[in-house]
Amino acid sequence: MPTTTPALSVAAAGERFAPINLERRDLGDNDIRIDIAWAGICHSDIHTIREEWGSANFPLVTGHEIAGVVSAVGSGVTRHKVGDRVGVGCLVDSCGECEQCKNGFEQFCERGSVGTYNSKGYDGEITQGGYAQQVVVSERFVVGIPDGIDLDVAAPLLCAGITTYSPLKRWGARPGAHVAVVGMGGLGHLGVKIAVALGAEVTVLSRTTAKSADAAEFGAVEHLATSDPKVFKDNAGRFDLILNTVSADLPMGDYVRLLKPNGALVSVGLPPKPYEIAPGSLIGGNKVVAGSMIGGIPETQEMLDFCAEHGIGATIERIDASQVDEAYDKVVAGDVRYRYVIDTSTIKP
């Protein structure tokens, strides 16, 4: 039989969150029921609820940074057991049969991956996310959270962590590499921590140096203010890799000039306007401009194991259910250091 769980839902765009009793599907043979302890607030949640990326399916429960403990397993489950510390990120289903799924890139499933919320599942139902006390998920999309990471600081790793880890690994953040991270918010601060742990020399690029003390604490060697035009002139040709974590309309040509020959500028944000980059600025130095979207389940588990080994967790502010609407406004204003996480035990219908 389906079960119900307390959750935070929005009935329509522009309305506030309200507690409800959310129905979760019955536990299938290959499913895991998770008692959610913490749910991170990602900017994607805000874009979706406010319909900044198009129409949403209301009523809607957002949240794809989920950390908790297994409370029940189906008869066919082999990867996790009751009591395990686990997480769920941005995906809850894929075909499992196409080339991309078999290679561990479920986010690029040829049939179409199913997002944790606001996504139509293969059963035709709209998925509801992790601002709740329980969720039921196929074991293929549940990852283990190592004992070395507390659940509250682990929750944001399920989106922000993998979103930065994947491109940093792919494009060469390693000992001897000079890496710049553009922006130091929910994504950027984890990008700094992970790049440092990978052995790179890391510089933060942001509009001001207001967060320079934090950048140094996270391991960055320098924090430069891009509002100063001299920064682009003085640092031309300095970086092997630039990870752009912001969704603002930036002068990307200026950032390309900061790359060494054979360097890469990789964006994980979604600005409203197309980038303007002169082809000659790429050809002249064999430079690459690329994008990156989260990561598959195997790489997400790899990221969590890496973070546990290196003592990496998100820097967070804990909030209760009554503070979520206010937290959304603060995220948009940049007034959070560096990820809000919801104590789901405070959700009371």
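**Cysteine pairs and a helix crossing**

The structure, a predicted model, holds zero disulfides. A disulfide is a covalent bond between the sulfur atoms of two cysteines. For cysteine 90, the closest cysteine sulfur is that of cysteine 159, at 3.7 Å, which is too far for a bond, because a disulfide requires the two sulfur atoms to lie within 2.5 Å. Cysteine 90 is buried, its relative accessible area being 14%. Cysteine 109 is likewise in no disulfide; the nearest cysteine sulfur belongs to cysteine 95 and is 3.6 Å away. Cysteine 109 has a relative accessible area of 8% and is therefore buried, the cut-off being under 20%.

Two packed helices are described by the angle between their axes and the distance between the axes. Helix α4 spans residues 160-170 and helix α10 spans residues 297-309. The axes of α4 and α10 come within 10 Å and cross at roughly 95 degrees, so α4 is roughly perpendicular to α10. On the α4 side, the contact is made by Gly161, Ile162, Tyr165, Ser166 and Lys169. The α10 side contributes Glu299, Thr300, Glu302, Met303 and Phe306. By class, the residues of the contact between α4 and α10 comprise four nonpolar, three polar and three charged.

An unreviewed UniProt entry lists residues 14-342 as "domain: Enoyl reductase (ER)". Over residues 14-342, the chain is 24% helix and 25% strand. The end C-alpha atoms of residues 14-342 are 20 Å apart.

Technical notes: Residues numbered from 1 in each chain as written. Predicted model: local features only at pLDDT ≥ 70, side-chain atom pairs only at ≥ 80, totals over all residues. Heavy atoms only, no water. Axes fitted to C-alpha atoms, helices over the stretch in contact; angles between N-to-C directions. Helix = DSSP H or I, 4+ residues; strand = E, 2+ residues; numbered from the N terminus. Parallel < 35°, antiparallel > 145°, perpendicular 65-115°, else oblique. Contact = heavy atoms within 4.5 Å. Nonpolar A, V, L, I, M, F, W, Y, C, P; charged D, E, K, R; others polar. Buried < 20%, exposed > 50% of the residue type's maximum accessible area, 1.4 Å probe, protein only. UniProt positions renumbered as here; feature names shortened; annotations may be inferred.
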